[in-house]
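Reader: I am new to this structure and would like to learn how to read it. Could you walk me through a few of its features?

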Amino acid sequence: MSAPNKSYDPVEVEALKPEEIERMRDEAVAAFAAAGDLDALAHAKTAHTGGTSPLALANREIGALPPHAKAAAGKLVGQARGAVSKALAARQAELEAERDARVLVEEAVDVTLPYDRTPAGARHPLTTLMERVADVFVSMGYEVAEGPEVEAEWFNFDALNFVPDHPARQMQDTFFVQGTTPEGTAVTTGDESGVVLRTHTSPVQARTLIDREPPVYVVCPGRVYRTDELDATHTPVFHQIELLAVDEGLTMADLKGTLDHMVQALFGADMKTRLRPNFFPFTEPSAEMDMLCYVCRGESVGNPDRPCRTCGSEGWIELGGCGMVNPKVLTACGVDPEKYSGFAFGFGIERMLMFRHNVEDMRDMVEGDVRFTRPFGMEI
Ligand code: FA5
């Protein structure tokens with residue numbers, strides 16, 4: 001800043017010449033007009049109204065003028081700064097209006113769209129997997145058959161060749177349903193009622209054979225009950241899928257081919273099954289069916305460098321039971337075993353979900369926590 005100067009002539013102070021002040025004003029107004037958006041305007045504002053802008057520097061020169069010259073110079077600079085502020089405010093308002101109009105178009109929200117206030121949730125993976133397995137068979141021409149969960153003991157056991165004192169009845173720990181009057185008074189003890197919560201989906205085999213004439217090709221998904229404690233690998237209420245085919249000339253080869261097709265459809269083209277001898281009263285011969293371990297594909301067997309937690313390095317995972325329908329069952333259901341033969345298999349959906357999706361604890365499936373179901377998504 002210059003020192004006070006008694007012999008001051010404003011014309012000699014370059015920065016305070018009227019034409020200079022007008023030039024500074026005009027340059028500022030032109031810069032604001034040229035600013036295409038609010039960011040550019042902010043830069044122009046700093047350049048033309050900030051502490052080091054030409055007009056601010058000229059304003060500072062006024063302090064160095066003799067008193068008689070200060071008023072004229074102050075008026076000159078003040079008018080120029082006023083015009084600049086006005087131009088800035090006008091351009092600011094213009095650009096803000098442009099921005100608001102653009103944002104209203106670009107970020108428009110259609111408030112008429114329906115809004116779902118309730119979270120969509122997810123289907124339970126057991127339901128999805130059960131439908132997926134059933135679909136494999138429906139696509140092969142099988143029909144879906146169903147039966148009651150509160151079942152006659154005859155269908156659950158007798159029709160399936162479990163004689164009354166057959167030790168196999170103890171194989172599946174049964175909930176018996178107590179008979180009561182309409183008022184709720186017990187009229188039978190549980191095991192006299194002849195009514196049980198079905199322990200497997202196999203009674204649907206008997207119901208179907210009584211209902212329909214062969215050829216019969218049905219898949220029966222459903223809920224079953226056993227007096228098992230809830231733990232990591234058991235639940236008292238679980239799901240099974242049963243398959244029954246009865247036709248002329250069916251053999252174990254058809255059973256094996258059908259099992260292989262199922263595991264290939266569900267786990268990949270290189271999958272296969274194996275059968276191990278077992279016993280079920282309603283199939284003869286009977287077998288336990290295993291599928292190749294879907295994680296190691298059998299490669300962990302005899303390979304200590306590649307142990308497999310899923311199959312315990314055995315290469316196979318147990319899936320369920322199967323066999324050729326016992327001729328005694330066909331006879332009990334009115335089907336001629338001389339003419340027809342059949343195969344059947346059944347397995348637990350919970351177990352399949354465990355190894356298909358690495359679920360380590362069956363309790364997670366029954367607790368109803370959406371954090372368990374949500375990651376499985378919405379397969380319909
Ligand atoms: C049966 O239930 C036979 N009805 C299967 C069958 C059908 C054999 C047709 C022959 C012909 P099993 O008792 O092994 O078989 O049970 C079949 C499957 O149910 C088991 O492999 C297992 O996956 C599942 N399972 C059994 N108990 C439980 C349980 N408490 N919790 C969850 N899954 C279970």
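Author: Gladly! Glu-27, Ala-28, Ala-31 and Phe-32 in α1 meet Leu-41, Ala-44, Lys-45, His-48 and Thr-49 in α2. The residues of this contact of α1 with α2 divide into five nonpolar, two polar and two charged. Keep in mind that this is a predicted model.

Reader: How do the axes of helix α1 and helix α2 cross?

Author: The axes of α1 (residues 18–34) and α2 (residues 38–49) come within 9 Å and cross at roughly 170°. An angle over 145 degrees counts as roughly antiparallel. That is why α1 and α2 are described as roughly antiparallel to each other.

Reader: Now the sheet, please. What is the order of the strands in the open sheet?

Author: The general idea comes before the case. Strands of a sheet pair through backbone hydrogen bonds, either parallel or antiparallel. Here, an open sheet of seven strands has the order β1-β4-β5-β9-β8-β7-β6, and its pairing is mixed. At the edges stand β1 (143–144) and β6 (273–280); each has a single partner strand, so one side of each is left without a neighbour in the sheet.

Reader: And what packs on the sheet?

Author: Helix α5 (residues 125–138) does, touching β1, β4 (216–225), β5 and β9. The direction of α5 makes about 5° with that of β5.

Reader: How many bridges join strand β5 to strand β9?

Author: Eight bridges join β5 (residues 237–247) to β9 (residues 341–348), and the two strands run antiparallel.

Reader: Which feature do β6 and β7 form?

Author: They form a hairpin, with two residues between the strands. β6 and β7 (residues 283–292) pair in the antiparallel sense over seven bridges. For a landmark, Thr-273 has Met-291 in β7 as its bridge partner.

Reader: Which residue does the UniProt annotation "binding site" cover?

Author: That annotation, from an unreviewed entry, covers Glu-284. You will find Glu-284 in strand β7. Leaving aside neighbours within four places in sequence, Glu-284 is in contact with Met-324 and Asn-326. Its relative accessibility is 47%, so Glu-284 counts as partly exposed.

Reader: Where does Ser-53 lie, and what does it touch?

Author: Ser-53 lies in the loop between α2 and α3 (54–62). Apart from residues up to four places away in sequence, Ser-53 touches Thr-46, Ala-47 and His-48. With a relative accessibility of 1%, Ser-53 counts as buried.

Reader: How many residues of helix α10 are buried?

Author: Helix α10 (residues 349–357) is mostly covered, with seven of its nine residues buried. Those buried in α10 are Ile-349, Glu-350, Met-352, Leu-353, Met-354, Phe-355 and Arg-356. To see what comes after the helix, look at Asn-358, which follows α10 and has a positive phi, near 55°.

Methods: Residues numbered from 1 in each chain as written. Predicted model: local features only at pLDDT ≥ 70, side-chain atom pairs only at ≥ 80, totals over all residues. Heavy atoms only, no water. Axes fitted to C-alpha atoms, helices over the stretch in contact; angles between N-to-C directions. Helix = DSSP H or I, 4+ residues; strand = E, 2+ residues; numbered from the N terminus. Parallel < 35°, antiparallel > 145°, perpendicular 65-115°, else oblique. Contact = heavy atoms within 4.5 Å. Nonpolar A, V, L, I, M, F, W, Y, C, P; charged D, E, K, R; others polar. Pairing = 2+ DSSP bridges. UniProt positions renumbered as here; feature names shortened; annotations may be inferred. Buried < 20%, exposed > 50% of the residue type's maximum accessible area, 1.4 Å probe, protein only.
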